[in-house]
Amino acid sequence: MNRGMAAYYHSIADDLRRRIECAEYVVDEPLPSEAKLAIRYRVSVPTIRIALEVLQAEGRVEKLHGRGNFVRRPEERAVYGSAGHAVGRRAAESPPMQVSAEVRTVSATDGLSALLQVRRGALLTEFEYVSVLGTSVRGLARLYVPQRVVKLKGPVVDPSPWGDEVRSLLAEAGVHVASTVDRVASRLPSTEERKVFRSAAPVLAVERTSTDFSGQIVEGALLALPGDRAEAVFTTRTHVEPMEAVG
């Protein structure tokens, strides 16, 4: 895509955004069909679809297959980060986050083998979490504990969006986390994620590994957060020694 064409797509998106903001197109109502928009802007339908993808990535428009493109209410964001991996930025009147969790035994794939530093086919306990706010999925999380470390069992009571309670289960079993590394990257959603999140927006992909005091990996996590409904926030605190008074 050359720079001129990209600017043209964004100019259409800018006009649609303005019409949404001035309530010409209202929340929960469909936009005109892609064919009608193509006629209005005197472009092809594929060009309109690219412009709509800009608004989909911003969370302003949601494409429902077979129904069309709908204006979506600006949504509060789920927050993943160092402060307890909490969910935040929610208004008091917002419905509570609903989190489902499933626990199963799986065998390590090549990817999980590399993540957890175990042999391929090694037995793992998988904790899978799906977080939903209203009708919107806010996160998919899969946590893995090698069974050579400890065999954890379900069910999970009062699950959190990012599986924070797995660390408590490890501690109860005598396994203590000494350090955690989070790697956050942006990527395009997989086919499964596009379907679950109902969005073509990029996802925040989090790869997390936790080690004990011996350096052994005791937990690994793969998280996917829809980029238009989530953010990652990490806080660093610096300890400063008080200066002695002079004189």
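Trp162 is buried, at 1% relative accessibility; buried means under 20% relative accessible area, exposed over 50%, and partly exposed in between (1.4 Å probe, protein chains only). The model is predicted: local features need pLDDT of at least 70, side-chain atom pairs count only at pLDDT 80 or more, and totals for chains, interfaces and linings use all residues. Residues are numbered from 1 along each chain as its sequence is written, and side-chain values use heavy atoms, with hydrogens and water left out.

**Aromatic pairs**
- The structure holds two aromatic pairs. Rings of Phe, Tyr and Trp (its six-membered ring) pair if their centres lie within 6.5 Å; planes under 30 degrees apart count as stacked, over 60 as edge-to-face and the rest as tilted.
- Tyr80 and Trp162 pair edge-to-face, 5.7 Å centre to centre with 80° between the planes.
- Tyr80 lies in strand S3 (residues 78-81) and Trp162 in the loop between strand S6 (136-146) and helix H5 (165-172), so this pair ties together parts 82 residues apart in sequence. Helices (H or I, at least four residues) and strands (E, at least two) are DSSP runs, numbered from the N terminus.

**Burial and the other pair**
- Tyr80 is buried, with 0% relative accessibility.
- Tyr80 and Phe234 are edge-to-face because their planes stand at 75°, with ring centres 6.3 Å apart.
- Phe234 sits in the segment after strand S10 (230-233), so its pair with Tyr80 of strand S3 joins parts 154 residues apart in sequence.
- Phe234 is partly exposed at 41% relative accessible area.

**Cluster**
- Tyr80, Trp162 and Phe234 are linked into a cluster by ring pairs.
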